Amino acid sequence: MTSHYLQCVLCGRRYEDDQLHYSCPHCGEAGTLDILYDYDSLRTSLDRDALKGDFTTNAWRYRDLLPIAADGPVPPLSLSVGWTPLYDAPRVADALGVARVSLKDDGRNPTGSLKDRASALVTARAMAADIPIVSTASTGNAAAALAGIVASVPDMQAVIFVPATAPEAKIAQLLVYGAQIVLVDDSYDVAFDLCMQTCLEQNWYSRNTGVNPYTTEGKKTVALEIAEQLDWQIPDAVVVSVGDGSIISGIYKGFWDLHQLGWIVRMPRIIGVQAVGSSPLVAAWENGTPGEAMQPVDAHTIADSISAGLPRDRVKALRAVRETGGAYIAVTDDDIVAAIPELAQLSGVFVEPAAAAAFAGARIAVQSQHINPDEHIAIVLTGNGLKDVRTAQKSVQPVASVAPNMQAVRDHLRKLSLI
Ligand SMILES: [Zn+2]
């Protein structure tokens, strides 16, 4: 296994891998852990050019930079997670008024979101530890990702704690994958606490974001891919939407690891985008509030994947922006909805509201000069548009029917200026 240790982001205490800590016992829930490696030794043993001869087309391509057993089956999962396309999008660049835009289409993962990367690594860790049950509290992409990835592995079970208010359609997806559901008659936060207590009591493995430090390690693979796909010429800025803060933390960690190895010469600025109705990190960044001092807000946004009143990974999420000279940007729900068809029509990539928020936020970042016109930016598109067709419907006009004859068809096409 790639040698690594865990270190608290608040107090700096160090823990060994087999201590199986979720977060620092001295600092409590805000004391999330970094997974760190012996970078001196990796610098001499690894060579980025060796990747050119590696034909692994999934995130396990970076197994030497991941806390997984190198001698086990690689990958240990049958589903192919990661190595999603990075598109050059000149028309998006023109629309935003920047020199170059790269779109990372992570909706192409097996269950349609970037969270498959975290679930894949967490599931591999559970397999290595002989823990057959993995659990999380979620109704959204994290739950779908865990249910789907676990379903691809024999003799494993996903148990998802879901607040009873969750939409039935989302619960249906979990049931289709064979996950067991604990429908809790209370809020997400209560479901989260019950999930954690159950995991500790039953020795199940918890995938919960912000608690399990390996989720960040899984998510960092998106940054490793962006760097390699751009031949290590990293963009000036990377823009991503932020809810619990785990994805932006993963992006930071991926580039940070590469920087430690000397594979990239500098860090990109990292720009986080939140919905106005769920923007505690924007406020904390503007006010200089430390993550551990943040207080919960009442979160409301149409982009449910980034709705979080008190982001679980808030300490790491603020670090990602502060240490790279980036920014936090807020966008309205109206901007998010309008961004869905605009991005789709400029690039052919259909994304869910949370991912559209990143595109909408990039525009505001240009207007507010957090991004300069001569720069190259990457926008991380975290989820597929088919995840939330109902919101997409709000972004387009309904279509009236035409009479079944050619005259009516011609009249209609004229109205559309097609003939
Ligand atoms: Zn600590």
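Where does His-26 sit in this chain? His-26 is in the loop between β2 (14-16) and β3 (33-37), and I'll come back to that residue at the end.

Okay, housekeeping. What we have here is a predicted model, where local features need pLDDT of at least 70, side-chain atom pairs count only at pLDDT 80 or more, and totals for chains, interfaces and linings use all residues. Residues are numbered from 1 along each chain as its sequence is written. When I say helix or strand, I mean DSSP runs numbered from the N terminus: H or I with at least four residues for helices, E with at least two for strands.

Let's begin with helix α12, residues 333-347. The expected span of a helix is 1.5 Å times one less than its number of residues. For the 15 residues of α12 that gives 21 Å, and the end C-alpha atoms are 21 Å apart, so the two agree. There is still a kink of about 30° at Ala-339, shortly before the proline Pro-341. The bend at a residue, by the way, is the angle between axes fitted to the seven residues ending there and the seven starting there. Just after the helix, Gly-348 has a positive phi of about 80°.

Now burial. A residue is buried if 20 or more other C-beta atoms lie within 10 Å of its own, exposed if 12 or fewer, and partly exposed in between, with C-beta atoms placed from the backbone. In α12 the buried set is Asp-333, Asp-335, Ile-336, Val-337, Ala-339, Ile-340, Leu-343 and Ser-347. Ala-344, also in α12, is partly exposed, because 17 other C-beta atoms lie within 10 Å. Not counting residues up to four places away in sequence, Ala-344 touches Val-349 and Phe-350; contact here means C-beta atoms, placed from the backbone, within 7 Å.

On to α13. Its 15 residues should also span 21 Å at 1.5 Å a residue, and its end C-alpha atoms are 21 Å apart, which agrees. How many of the 15 residues of α13 are buried? Twelve, so this helix is largely enclosed by the rest of the structure. Among them are Phe-359, Gly-361 and Arg-363. After α13 comes Gln-369, with a positive phi near 65°.

How do the two helices pack? Two packed helices are described by the angle between their axes and the distance between the axes. The axes of α12 and α13 (residues 353-367) come within 8 Å and cross at roughly 90°. Under 35 degrees counts as roughly parallel, over 145 as roughly antiparallel, 65 to 115 as roughly perpendicular, and the rest as oblique. α12 and α13 are therefore roughly perpendicular to each other. On the α12 side, Asp-335, Ile-336, Ala-339, Ile-340 and Leu-343 meet Pro-353, Ala-356, Ala-357, Phe-359 and Ala-360 of α13. By class, that contact has nine nonpolar residues, no polar ones and one charged. The classes are: Ala, Val, Leu, Ile, Met, Phe, Trp, Tyr, Cys and Pro nonpolar; Asp, Glu, Lys and Arg charged; the others, Gly among them, polar.

Two strand residues next. Ile-377 is in strand β13 (residues 376-381) and is buried, with 26 other C-beta atoms within 10 Å. Beyond its neighbours within four places in sequence, its contacts include Val-98, Pro-235, Val-239 and Ala-362. Ala-327, in strand β12 (residues 327-331), counts as buried because it has 24 C-beta neighbours inside 10 Å.

Finally, the loops. Asp-155, between α4 (141-151) and β7 (157-163), has a positive phi near 60° without being a glycine. Asp-155 is exposed, with 6 other C-beta atoms within 10 Å. Asn-203 is another non-glycine with positive phi, about 55°, and with 10 C-beta neighbours inside 10 Å it counts as exposed.

And back to His-26: buried or exposed? Exposed, because it has 10 C-beta neighbours inside 10 Å. Leaving aside neighbours within four places in sequence, His-26 is in contact with Cys-11, Arg-13 and Gly-31.

How values were computed. Axes fitted to C-alpha atoms, helices over the stretch in contact; angles between N-to-C directions. Contact = placed C-beta atoms within 7 Å.
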